[in-house]
Each structure stands twice: as C-alpha cells, then as structure tokens.
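Student: I have a structure open and want to learn how to read it. Can we go feature by feature?

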Amino acid sequence: MNSLKHTFLLLFIFSIAFTACNHTGTETQKSEIRIIKGLYSYGPEIKSFADCEGGTEYWVADSSKTLELAYSKFNFEKPYEPVYIEAECHAIKSDNQVVSADFDSILVVTKLIKITREIPDGPCNQ
C-alpha cells in the first residue's frame, strides 16, 4: 500500500513539472510572433521575403499552408515575381545545412493576412 502512494505521488509531481515546462514554452513562442510587411517571391528553388523597412531578406517557411497557394493563384508566367504580403510569423535561426543558410533567419508564416500584386508606395516601391 505504501509503494502505491509513492507511485501516485511521483506521477503527480511529474505531471505538474510537465505542465509547467509546456506552459513556459508557449509563452515564449507567443511573444515572438509578429506582423511582417514586405515583398514575397516564390519559385522552385527559393522562397524569400524582403522586409521593406529594413531591407533584410529572409527564407520563408509556410506553416499556414496558404501563402504558396495564394501566390500560385496569380498565375505568373515566370517564377520569383514579387508580391506584397502582410503576415503573422515568427523567426527562427537559419540552418546552415540547407539553402536557407544564405539568409539571416527563417520566417515561419503562421497566418496570411494580405497578399496583392500591387506594391504600395513607400520603401517597398523603390
């Protein structure tokens, strides 16, 4: 009977520790989510985003599964035609083992807010 109490106590402690660790990780990830605005280009070998304000280029990973689909609906005759996007994303460090190593970071798009062929006046249009 005594060992049964110890087993339940250990399970209880592990479940609390597991919940606490997961809770902290979620808060960190949520704080890193941001809205990006700039030019997105897509083709067979490169998926890139250029931040209009800072001029920084990023490799793009489309976790929302909507960005590439929306881009393909424009039916461009050739790849890599830039479009203006606004999207929710978070950045992760580039892996130097893949093509994305040439970029500062990888932007993981979690939600597409806007995509248009018309590039607005301002830093993106220069």
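Student: Which residue in the turn between β2 and β3 has a positive phi?

Tutor: Glycine 55 does, with a phi of about 75 degrees. β2 and β3 form a hairpin with five residues between them. Before going on, note that this is a predicted model: local features need pLDDT of at least 70, side-chain atom pairs count only at pLDDT 80 or more, and totals for chains, interfaces and linings use all residues. Residues are numbered from 1 along each chain as its sequence is written, and side-chain values use heavy atoms, with hydrogens and water left out.

Student: What holds strands of a sheet together?

Tutor: Strands of a sheet pair through backbone hydrogen bonds, either parallel or antiparallel. Here a strand is a DSSP run of E with at least two residues, a helix a run of H or I with at least four, and both are numbered from the N terminus. Two strands pair if DSSP finds at least two bridges between them. β2 and β3 are antiparallel over three bridges. In that pair, phenylalanine 49 stands opposite tyrosine 58 in β3.

Student: How many bridges join β1 to β2?

Tutor: Five, again in the antiparallel sense. β2 covers residues 47-51. Leucine 39 faces alanine 50 of β2. These two strands also form a hairpin, with four residues between them.

Student: In what order do the strands close into a barrel?

Tutor: The five strands run β1-β2-β3-β5-β4, and the pairing is mixed. From one strand to the next, the twist averages 55 degrees. Such angles run from 0 to 180 degrees between N-to-C directions, with axes fitted to C-alpha atoms. β4 and β5 are antiparallel and share 10 bridges. There, alanine 91 stands opposite leucine 107 in β5.

Student: Now the inside. Which residues touch the most other members of the largest nonpolar core?

Tutor: In soluble globular proteins, nonpolar side chains tend to be buried together. A nonpolar core is a set of buried Ala, Val, Leu, Ile, Met, Phe, Trp, Tyr and Cys residues joined through side-chain atoms within 4.5 Å. This core has 15 residues, and Ile36, Tyr40, Phe49, Leu67 and Ile85 touch the most other members. β4 gives the largest share, four residues.

Student: Is tryptophan 59 buried or exposed?

Tutor: Buried means under 20% relative accessible area, exposed over 50%, partly exposed in between (1.4 Å probe, protein chains only). Tryptophan 59 counts as buried because its relative accessibility is 15%. Tryptophan 59 lies in β3, residues 57-62.
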